[in-house]
Amino acid sequence: MPSVTMTVNGMERSGTVESRTLLVDFLREHLGLTGTHVGCDTSQCGACVVHVNGSSVKSCTCLAVQADGADVTTIEGLANGADLHPMQEAFREHHGLQCGFCTPGMVMSAVDLANQNADPSEHEVREWLEGNLCRCTGYHNIVKAVQAGARAMGGGS
Amino acid sequence: MNDFTYHAPTSLDEALAALRGGEGAKLIAGGHSLLPVMKLNLAAPTDLVSLSGVPGLGDIADGGDSVTVGAMCSHAQVAGSAVVRARIPALAAMADGIGDAQVRNAGTIGGSVAHNDPAADYPAACVALGATIVTDRREIHADDFFQGMFATALADDEVITAVRFPVPARAAYAKFANPASKYAVAGVMVADGAAGVRVAVTGASGDGVFRVAEMEAALGASFSGGAVAGIAVSSDGMLSDTAAGADYRAHLVTVMAKRAVEACG
């Protein structure tokens, strides 16, 4: 079986996987990083969004072997100890979640947007979140949170 | 999903050797078409050969009267490319409308073209713009490349290396998108270039991308939305699903064609 090595949240992690093992399953089952969720498993809902080499991708539609050698960031990699990442803090401040299932993917997607656009408009946020589905909130507070989080990040993660 | 042997070649020659080495070997680029069909067991390759480590497939080059896009360029790269935005803005806009941000970060032009999903956007762009599909061994005009739903002119062991788009005088793409997937329910690319006016439709037909000769002739005589507004296409052979019936899809083709012409300015 193939072995993979990747940098996950700043630490080098290795494992033996099947070729068909999805990145999300490697993160959750092998590394115990269960903050990344599996929602639809069809690359539509965005609960599984992580960063691979700095870009947000859906880890349910990426093989672990495709991420061999990559730099991966998951929701667990954002906070600095007890200090939440500015985007996480903004989601808390603006009540950008209810059940929380979609939240890890929302936050990872939002951080990617903020890295490219430090002050996104409401329209830009809604366009960007096309691939992140939330069944609770109606998105309104999520959009407010993403705008506030992006401003708080000040153009950098 | 069935298991398979994964290959990560670092040269085109290695990729070709791996592709020929497995009985049911398939290439994988971004995986956003292939992995979903593998999850459904609609495809069960014995070997997957990744193109991610093959150098030279990720460049976008301005060739003057054409723009060449490397096969491994993601949709986000095409949408954000200064060259594509300056030379063929309709192509950049089309790429920016594929799926969602994360899909655009992973999915590639080469993968989309090779897969030839009947609802994918790139086939319409390739055919309308008169693109050439460049492979490891030959060049194939888009008119000859797309051969019906999920079918192309590619040999089993052939690798797309780039797609070369002639720069049109004007072009635009209008899509009626499925609200969930953003796949085209009907998408029309209109291009006015050296080869005349070309109108290519995706998403609507069960046979995949097709041209509308009657619209092309009408636009050649008078390039205006009004010239195509009265031209209906037959609903014979149109797809029919929960998103839209065949008659509605046929109707949408005319509406999207008119919008695309008007967006050409």
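Leaving aside its neighbours within four places in sequence, which residues is Pro86(A) in contact with? They are Gly149(A), Ala152(A) and Met153(A), where contact means that the C-beta atoms of two residues, placed from the backbone, lie within 7 Å. This is a predicted model, in which local features need pLDDT of at least 70 and side-chain atom pairs count only at pLDDT 80 or more, while totals for chains, interfaces and linings use all residues. Residues are numbered from 1 along each chain as its sequence is written, and chains are lettered from A and ligands numbered from 1 in the order in which they are written.

Pro86(A) belongs to helix α2 (residues 86-93) of chain A. Helices (H or I, at least four residues) and strands (E, at least two) are DSSP runs, numbered from the N terminus. Pro86(A) counts as buried because it has 21 C-beta neighbours inside 10 Å. The cut-offs are 20 or more other C-beta atoms within 10 Å for buried, 12 or fewer for exposed, and partly exposed in between, with C-beta atoms placed from the backbone. Ser19(A) lies 67 residues from Pro86(A) along the chain, and their C-alpha atoms are separated by 36 Å.

Chain A also meets chain B, in a contact that takes 22 residues from chain A and 21 residues from chain B. On the side of chain B that touches chain A, the elements giving two or more residues are β1 (5-7), α2 (34-39), β3 (47-50) and α6 (101-106) of chain B. The most comes from α6(B), with five residues. By class, this side of chain B has 10 nonpolar, nine polar and two charged residues. Here Ala, Val, Leu, Ile, Met, Phe, Trp, Tyr, Cys and Pro count as nonpolar, Asp, Glu, Lys and Arg as charged, and the others, Gly among them, as polar.

Chain B as a whole has 12 helices and 12 strands. Its radius of gyration, taken over C-alpha atoms, is 18 Å, close to the 18 Å that the globule rule gives for 265 residues, so chain B is as compact as a globular protein of that length. That rule is 2.2 Å times the number of residues to the power 0.38. Of the 265 residues in chain B, 52% are buried.

One part of chain B to follow in detail is an open sheet of four strands, with the order β9-β10-β11-β12 and antiparallel pairing. Two strands pair if DSSP finds at least two bridges between them. The edge strands are β9 and β12 (210-211) of chain B, each pairing on one side only. Helix α10 (residues 213-221) of chain B packs on the sheet and touches β11 and β12 of chain B. Helix α12 (residues 246-263) of chain B also packs on the sheet, touching β9, β10 and β11 of chain B.

Within the sheet, strand β10 (residues 184-193) of chain B has nine of its 10 residues buried. Eight bridges join β10(B) to β9 (residues 170-177) of chain B; across this pairing, Phe176(B) stands opposite Ala186(B) and Ala172(B) opposite Val190(B). The two strands form a hairpin with six residues between them, and Lys182(B) in the turn has a positive phi of about 70°. Seven bridges join β10(B) to β11 (residues 196-202) of chain B. A hairpin through two residues links β10(B) to β11(B), and the bridge partner of Gly193(B) in β11(B) is Gly196(B).

Conventions
Axes are lines fitted to C-alpha atoms, for helices over the stretch in contact, and angles run from 0 to 180 degrees between N-to-C directions.
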